[in-house]
Amino acid sequence: MNIKKQFWKTIYYWIRYLNYDVINREKDDQEIWLSNKRKKTIVIFSNHITTTQEIRFDKSRVIENKENIEQLAGFQPQTILFYYFTDKSLSTESLDETYPQKIKFRRISDERELELAMPNVILSKMINREDSKKTSIFYRNKVLSSNLLDKHMQRFSPVTYSLIIINIVLWLCMILYFNRFSDVKLLDVGGLVHFNVVHGEWYRLVTSMFLHFNFEHILMNMLSLFIFGKIVESVLGSWRMLAIYLFAGIFGNFVSLSFNTTTISVGASGAIFGLIGSIFAILYLSKSFDKKVIGQLLIALVILIGLSIFMSNINVMAHLGGFIGGLLITLIGYYFTVNRNIFWILLIILLVLFVAMQIRIFSIKEDNIYDKLIRDQMLSGNYDEARKIVNKSIKKDYADDQTYYLSGLITAAKSSKAEAMAEWERGLRLFPNSGALNYEMAIANRSLKDKSKALKYIKKARKANPQNAQYKNLEKELSEKSDS
């Protein structure tokens, strides 16, 4: 076994896959200390020990310097592990301690001992994989890198990778299923729309975060998620990163619904901007990032925003809302354990914003997205597709008088005026005070020379909308003819 290479490779694996940090370097980097604050564990790797007596000295050193070690690590360690990489015959028997602090010693001289020393089965299988292209210098440079951004980017980030995979798989499924995208199809699979959400389809707040318009859209978002997701996951942990991602995405969608009532919104951008907001909160709280790291993050952010300007269907309000949501939830989580007064202030701010958004969402005039889609299809000459949307709207019980008005126009174009009138009459049974439906029936009856019926309908239309100039003119025309 290449002792030196495996020494640095093992340390690298503990940093990359187990989220440990270097806290101390000794004896010309032949002894490296790692720590994990969440696990309250310190791991000491050494490749300079030649005698058992030196191991006993290490044990005495950690027992007699508890306070110094706690100060170095920033926490009171519950477990201290020693890993000695050596080809010498050393004995670690009877040296382990379990109380009051767990102290364990491991000698590693071959691949089998290295596999047994790894903390889980997956790493045991990975550690001895052949990687001849990577040298001990490669692993050493990775371990001792002073660039904080590089350290975070090299960490294994299971949640970030999982989110990217889920988004890509859903994208590919949509490509195979739809072949091409449209507003109608995005609406069908869970796109965010004000009209549907206020009618109880709350699931769209989440489903819309995993849908994308086109290849450029998903490519941009996944590259951004890879960068910012890995940073947040490395600093705060996998579950906290997932919570911030989902919370910011939903919060951003609420902000979007507060201002946008006429379009279909999809994409992970709101959640990703939430991760950016979280990073800004981390920068503010930790004060450990130097100017170079901050500059790199700002450059990445500027590039992201710059590229998004040239992309269509960008939901700026969702981006802004996601950023604010990610910033606030990160600060709230931090101050919960540090300063309860600031915690309550931030929580109240968040709740006030949330309540204000709900009031705004449910008080602004809703636009029936299905009517808009029907009109779009009709303008494009796709009357069959327009008819499908009409049927879907009626089936969901979302149809209004405009739906039946448009349905009648479709019927008139595809079938006959008589069938169109029957469709408008069906609409009038449900919406007897509809100006649009009464007006169309007045026009239809005028063309059939039935002026009395036409006048009856136009008067109802005028009653529904007294200021409509078309209604006024037609009523005047029919009234004059009736008098004559």
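Where is the place of Ser136? Ser136 sits in helix H6, residues 136-143; helices here are DSSP runs of H or I with at least four residues, numbered from the N terminus. Hello everyone, a quick word on the ground rules. This is a predicted model, so local features need pLDDT of at least 70 and side-chain atom pairs count only at pLDDT 80 or more, while totals for chains, interfaces and linings use all residues. Residues are numbered from 1 along each chain as its sequence is written, and side-chain values use heavy atoms, with hydrogens and water left out.

Back to Ser136. With a relative accessible area of 16%, Ser136 is buried, meaning under 20% with a 1.4 Å probe, protein chains only. Beyond residues up to four places away in sequence, Ser136 touches Lys4, Lys5 and Trp8, where contact means heavy atoms within 4.5 Å.

Now to the nonpolar cores. A core is a set of buried Ala, Val, Leu, Ile, Met, Phe, Trp, Tyr and Cys residues joined through side-chain atoms within 4.5 Å. The largest has 43 residues, and those touching the most other members are Leu187, Ile369, Tyr370, Ile374, Trp424 and Ile458. Helix H22, residues 435-447, gives the most to this core: six residues.

Let's look at Ile369. Leaving aside neighbours within four places in sequence, Ile369 is in contact with Leu187, Val193, Phe195, Asn196, Thr262 and Ile264. There is also a second, separate core of 28 residues, including Phe210, Phe228, Met241 and Leu297. As background, nonpolar side chains in soluble globular proteins tend to be buried together.

Key
Buried < 20%, exposed > 50% of the residue type's maximum accessible area, 1.4 Å probe, protein only. Helix = DSSP H or I, 4+ residues; strand = E, 2+ residues; numbered from the N terminus.
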